[in-house]
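Subject: Structure handover

Hello,

Here is the structure I promised to pass on.

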Amino acid sequence: MRILVTGAAGFIGQMVVDALATRDAILLDGAERRIAAILATDIAEAPLADLAARHRRVHALSGALSSAPVLERIVDDAPDLVIHLAAVVSGQAEADYDLGMAVNLQSTIDLIDACRRMPAPPVFLFSSSVAVFSCDANDTISEDRLPVPRSSYGTQKLMGEMLVRDATRKGFVRGRSLRFPTISVRPGAPNKAASSFASGIIREPLAGQDATLPVGRDLRLHLASPDRALTYTLHAAGLSQATIGAETTLTLPGVSVSVGAMIDTLSQIAGPDVAARVKFTHDPAIEAIVAGWPGQILTPRAETLGFQPDTDFAGLVVAHMDRIAAD
C-alpha cells in the first residue's frame with residue numbers, strides 16, 4: 001500500500017514518517033497491509049529531503065498542499081492511507097485569519113477533492129484538536145459536549161471534522177478525525193501555538209534557559225506526549241470503519257494537570273533551580289484563547305476503542321529528558 005503524510009516536516013509529521021518507514025506493514029482499516037511507499041509533503045523542503053535521505057521508501061514532495069502540481073502528484077500516487085497533519089497553529093491562525101483559512105480549511109477541502117478522483121476511497125486521518133471545545137472556568141467536560149470553539153483555529157478544525165464526516169458518508173474517504181490533546185513536551189523551538197508554553201515551561205528550563213509562563217498556575221490542560229500522539233495515529237489507522245461507525249470524530253484521552261502542578265513536577269524531577277527558570281509574564285491574548293479550553297475531557301468512547309492516555313505528567317517530563325539524552 002501507499003501512504004501520504006501531509007505536514008511531514010513538522011515534529012509529529014516527522015515522527016509519523018520515521019515510524020512508518022521502519023515498518024514493513026501496519027494494520028489499516030482492520031487488515032494488515034504491507035507498506036510500499038510513503039509520500040511526504042510539506043512547504044519546508046529541507047526536512048523532507050532529510051526524511052527521504054534516511055528512508056528508501058520515503059519520497060519528498062515539497063510545495064503548498066493546495067497547489068495543482070502537488071494535488072496531481074497525490075492523485076497519481078492514489079494513497080491507501082492519508083494522514084493529514086498540515087496545519088497553521090492556533091496563535092498564528094488567530095493572528096492571520098486568511099492564512100488559517102487557506103491552510104486549515106481550504107487545503108482540507110482540496111485534499112478531499114483529490115481523494116474523490118482516486119480509484120478507491122483511502123483511509124483519511126484528519127488531525128483535529130480539543131480546541132474545538134470551549135467551556136467556562138476551564139471545566140471538566142465529556143467527549144460528547146457540543147463543540148463551540150472560541151478561536152479561528154478551533155473553528156477551522158471543527159469545519160474540517162464536518163467535511164471528513166460528510167466525505168465518509170458520501171464514500172469519498174474512510175474518515176477518522178482525531179481531536180488531539182495539547183502535545184507536551186514538544187522538542188525544538190517555540191512555535192506560534194497558543195499552547196506553546198505547555199512545552200516551553202518544561203523544555204526551556206531543562207535546556208538551561210528561562211521560560212515565559214503567560215497564564216496563571218491554576219489553569220488546567222488536557223495533555224498527551226508526542227509518543228502517545230504517534231500511538232494514537234497508528235491505532236486510528238488500524239481501526240475498521242465498521243467499528244468507528246458514522247461518527248468519524250474521536251476525542252482522544254489525555255492527562256489533566258494544572259500549570260502549577262506541571263512546574264511542581266519539574267521541580268521534583270529536575271530540581272527547584274530548574275523550575276525557577278519559569279518566569280510568569282501575563283499575556284492576555286494567550287490567556288483569552290486557552291482559558292476557554294476544557295481542563296479535563298472524559299473520553300469513554302475513545303478508550304473503549306483502545307485509545308489509552310499517558311499515565312501521568314511526570315511520565316511526559318521523563319520521556320522528554322530521555323529523548324534529550326538519546327539525541
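Predicted model: local features only at pLDDT ≥ 70, side-chain atom pairs only at ≥ 80, totals over all residues.

Residues are numbered from 1 along each chain as its sequence is written, and side-chain values use heavy atoms, with hydrogens and water left out.

Pockets

Rolling a probe the size of a water molecule over the atoms shows where empty space is left. The search ran on a 1 Å grid over the protein atoms alone. A pocket is an open set of points with protein on both sides within 12 Å along at least five of seven lines. A cavity is a set of points where a 1.4 Å probe fits but cannot get out. Lining residues have an atom within 4 Å of a point. Points are joined across faces, edges and corners, and a volume is the space filled by probe spheres set on them.

The largest pocket has a volume of about 1,400 Å³. It is lined by 50 residues, and the closest to its centre are Leu-85, Ala-87, Val-89, Arg-186 and Asn-191. Helices and strands here are DSSP runs, numbered from the N terminus (helices H or I, at least four residues; strands E, at least two). Elements that give two or more residues to this lining include α1 (11-21), β4 (37-42), α6 (152-169) and α7. α5 gives the most, with 4 residues. By class, the lining divides into 26 nonpolar, 19 polar and 5 charged residues. Here Ala, Val, Leu, Ile, Met, Phe, Trp, Tyr, Cys and Pro count as nonpolar, Asp, Glu, Lys and Arg as charged, and the others, Gly among them, as polar.

The second largest pocket has a volume of about 240 Å³. Of its 17 lining residues, the closest to the centre are Pro-190, Ser-196, Phe-197, Thr-212 and Pro-214. α7 and β11 (211-213) each supply at least two lining residues. α7 gives the most, with 5 residues. The lining has 8 nonpolar, 5 polar and 4 charged residues.

Cavities

There are 3 cavities of 30 Å³ or more. The largest cavity holds about 50 Å³ of space. Its lining is Ala-131, Phe-133, Ser-134, Arg-150, Ser-151, Ile-289, Gly-292 and Trp-293.

Helix pairs

Axes are lines fitted to C-alpha atoms, for helices over the stretch in contact, and angles run from 0 to 180 degrees between N-to-C directions. Contact means heavy atoms within 4.5 Å.

α7 (residues 197-206) packs on α14 (residues 313-326) at about 40°, with the axes 11 Å apart. That makes α7 oblique to α14. Angles under 35 degrees count as roughly parallel, over 145 as roughly antiparallel, 65 to 115 as roughly perpendicular and the rest as oblique. Ile-202, Arg-203 and Leu-206 of α7 meet Phe-313, Val-317, His-320 and Met-321 of α14. The contact has 5 nonpolar, 1 polar and 1 charged residues.

α1 and α8 (residues 226-238) pack at about 55°, with their axes 10 Å apart. α1 is therefore oblique to α8. On the α1 side, the contact includes Phe-11, Ile-12 and Met-15. On the α8 side, Pro-226, Asp-227 and Ala-229 are among the residues. This contact divides into 10 nonpolar, 1 polar and 1 charged.

Best wishes
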